[in-house]
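Please keep the sequence and the model at hand while reading.

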Amino acid sequence: IAALARCVSENLEAEKAGGVEAKAQEAGNDRGNKLFTASEAEAFASDLLASAGISDYEMTDPSGTPMPSFDVVWTYENGIVAALVGYKEMRAVDLDVAGNAVMADEAKNCKGDFASGRKISEPAKLVSVKRLFTSCRSDGKSVEIHYTLVKTKSGHLIQLAHLNLGGATGNVADADSPFLNGAVLSSYK
């Protein structure tokens with residue numbers, strides 16, 4: 001998703017090249033196409049978790065986790081690791097293409113047995129949602145990741161990931177369910 005987001009961002013910049021307004025925006029925007037600063041991402045994730053009725057989590061440093069490219073990472077008491085990243089100006093990105101990119105990237109990084117697929121996503125009124133999973137088993141270790149891609153009406157792309165790194169006791173396949181109810185979906189703007 002990050003590579004796809006960079007590509008979209010580069011193409012948008014190329015379209016705007018030469019304009020004074022575009023150069024002023026570039027100078028003031030060192031986040032590229034990232035939607036959140038670190039503190040904004042943590043606040044957004046905290047609000048999302050509260051809307052979903054989840055309180056049994058602890059925020060962790062993304063750089064010390066298996067999800068360093070995400071804006072914010074948290075761990076549930078049951079051992080499931082969750083992460084969130086947001087990208088702006090993603091209107092042109094098709095969620096099916098983005099999902100394929102996620103699965104292809106995970107397949108490339110897996111050095112063992114790999115499986116992936118799409119999950120059923122109920123239609124939502126305010127946003128577009130795609131769900132998918134990947135699983136990699138290598139050297140006796142297993143990693144299962146369930147992704148939720150949310151595209152907002154304002155053109156932002158929010159990516160949630162829930163991981164079982166082998167020791168989680170919770171059901172990682174349904175860990176995103178609380179984030180897909182109407183009250184939470186209205187939080188995505």
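## Helix α3

Helix α3, residues 38-51, has 14 residues and reaches 20 Å from its first C-alpha to its last, close to the 20 Å expected at 1.5 Å a residue, where the expected span is 1.5 Å times one less than the number of residues. Helices (H or I, at least four residues) and strands (E, at least two) are DSSP runs numbered from the N terminus. The model is predicted, with local features needing pLDDT of at least 70 and side-chain atom pairs counting only at pLDDT 80 or more, while totals for chains, interfaces and linings use all residues. Residues are numbered from 1 along each chain as its sequence is written, and side-chain values use heavy atoms, without hydrogens and water.

The buried residues of α3 (under 20% relative accessible area, with exposed meaning over 50% and partly exposed in between, for a 1.4 Å probe and protein chains only) are A41, F44, A45, L48 and L49. Seen down the axis of α3, these residues fall within an arc of 135 degrees, taken from the directions from the axis to the C-beta atoms, so they line one face of the helix. On the other side of α3, S39, D47 and A50 are exposed.

Among the elements covering the buried residues, by contact (heavy atoms within 4.5 Å), are β1 (57-60), β3 (81-87) and α5 (182-185).

## The disulfide

C110 and C136 form a disulfide (cysteine sulfur atoms within 2.5 Å), with their sulfur atoms 2.1 Å apart. The pair links distant parts of the chain, 26 residues apart, and both cysteines are buried.
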